[in-house]
Amino acid sequence: MSNTPMAANPLTRAVLEIDEYASGLGWDQPARLFALVDTARLRAQEPGLAAQLGLREEPETTGLTPIEQEEIPAGKPLDEFLGTIAWPDAVAGCALTVERLMLPPSAEASVPEGLNGQKLTQWVAQHPDRQEVRMTVAVLRDGTRDSALRLREKDSPTEVLTGGALVPGLAEALSATFED
């Protein structure tokens with residue numbers, strides 16, 4: 001992706017590339033799953049696919065290439081879906097982009113007792129301090145993680161927050177897809 005800022009490591013670059021791709025699709029999108037493959041290995045072992053992805057023209061550098069997977073089934077909880085995934089050895093990592101509503105930590109004290117499930121979701125959706133956020137979380141087989149968060153109200157490439165510990169629960173769920 002041409003507008004992806006140059007990041008310090010290949011995983012961060014892949015996360016930002018996926019964030020940019022998701023941003024180009026707009027908001028109110030379904031979750032999207034990506035396999036992350038070693039770009040040099042992809043060029044060597046799958047030259048046809050590398051050509052389709054436009055990787056033959058890129059300079060020879062180390063990196064990860066995100067490959068979007070089939071749609072996540074609608075109506076199936078994300079955690080259940082992730083529990084069904086197993087990756088072939090050629091996949092170095094995976095990433096997921098998903099939109100959610102978030103509340104600031106200060107809102108925790110005002111959650112009415114006994115709310116859970118659908119009622120809690122409705123309460124959050126109606127809260128005046130809610131924020132719509134797109135989260136892109138990636139993990140590698142070795143446990144390395146990175147994430148990008150983009151708020152809908154600050155939808156700009158310069159306003160994307162990155163870091164490996166931003167969405168630990170989702171990172172754990174993605175890491176579990178590599179366990180035997």
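# A predicted protein, question by question

The protein exposes about 10500 Å², and carbon and sulfur atoms supply 51% of that area (accessible areas come from the Shrake-Rupley method with a 1.4 Å probe, and for residues only the protein chains shown count as cover). This is a predicted model, where local features need pLDDT of at least 70 and side-chain atom pairs count only at pLDDT 80 or more, while totals for chains, interfaces and linings use all residues. Residues are numbered from 1 along each chain as its sequence is written, and side-chain values use heavy atoms, with hydrogens and water left out.

User: In what order do the elements of the protein run from the N terminus on?

Analyst: Start by listing the parts: there are 6 helices and 6 strands. Helices (H or I, at least four residues) and strands (E, at least two) are DSSP runs, numbered from the N terminus. Read that way, the order is α-β-α-α-β-α-β-α-β-β-β-α.

User: What percentage of the 180 residues in the protein is buried?

Analyst: First you need the cut-offs: buried means under 20% relative accessible area, exposed over 50%, and partly exposed in between (1.4 Å probe, protein chains only). Of the 180 residues, the buried share is 38%.

User: Take contacts between residues at least 6 apart in sequence: what percentage joins residues at least 24 apart?

Analyst: A contact here means heavy atoms within 4.5 Å. Counting pairs at least 6 apart in sequence, the share that joins residues at least 24 apart is 65%.

User: How much space lies in the largest cavity?

Analyst: Rolling a probe the size of a water molecule over the atoms shows where empty space is left. On a 1 Å grid over the protein atoms alone, a cavity is a set of points where a 1.4 Å probe fits but cannot get out, and lining residues have an atom within 4 Å of a point. Grid points are joined across faces, edges and corners, and a volume is the space filled by probe spheres set on the points. The search finds 1 cavity of 30 Å³ or more, and the space in the largest is about 60 Å³.

User: Which element gives the most residues to the lining of the largest cavity?

Analyst: The lining is made of A22, L25, G26, Q29, P30, R32, T97, V98, E99 and R134. With 3 residues, the top contributor is β3.

User: How many residues of that lining are nonpolar, polar and charged?

Analyst: Here's the sorting rule: Ala, Val, Leu, Ile, Met, Phe, Trp, Tyr, Cys and Pro count as nonpolar, Asp, Glu, Lys and Arg as charged, and the others, Gly among them, as polar. Applied to the lining, that gives 4 nonpolar, 3 polar and 3 charged.

User: Within what arc do the buried residues of α6 fall?

Analyst: Helix α6 (residues 168–176) has L170, A171, L174 and S175 as its buried residues. Seen down the axis of α6, they line one face of the helix, because they fall within an arc (that of the directions from the helix axis to the C-beta atoms) of 140 degrees.

User: Is D28 buried or exposed?

Analyst: D28 sits in the loop between α1 and β1. Its phi is near 65 degrees, a positive value in a residue other than glycine. At 59% relative accessibility, D28 counts as exposed.

User: How far apart are the C-alpha atoms of A138 and A171?

Analyst: A138 belongs to strand β4 and is buried, with a relative accessible area of 0%. Leaving aside neighbours within four places in sequence, A138 contacts several residues, including L11, V15 and D146. Along the chain A138 and A171 are 33 residues apart, yet their C-alpha atoms are separated by 6.8 Å.

User: What separation do the C-alpha atoms of D146 and G164 have?

Analyst: D146, in strand β5, is buried at a relative accessible area of 7%. Neighbours within four places aside, its contacts include V15, A138 and G164. D146 and G164 are 18 residues apart along the chain, and their C-alpha atoms are separated by 3.9 Å.

User: How far apart in space are V15 and L149, C-alpha to C-alpha?

Analyst: V15 is found in helix α1 and is buried, with a relative accessible area of 1%. Leaving aside neighbours within four places in sequence, V15 touches T136, A138, D146, S147 and A148. V15 and L149 are 134 residues apart in sequence, and their distance in space, C-alpha to C-alpha, is 9.9 Å.

Note on methods
1 Å grid on protein atoms, 1.4 Å probe; cavity = no way out; pocket = protein on both sides within 12 Å on 5 of 7 lines; lining within 4 Å.
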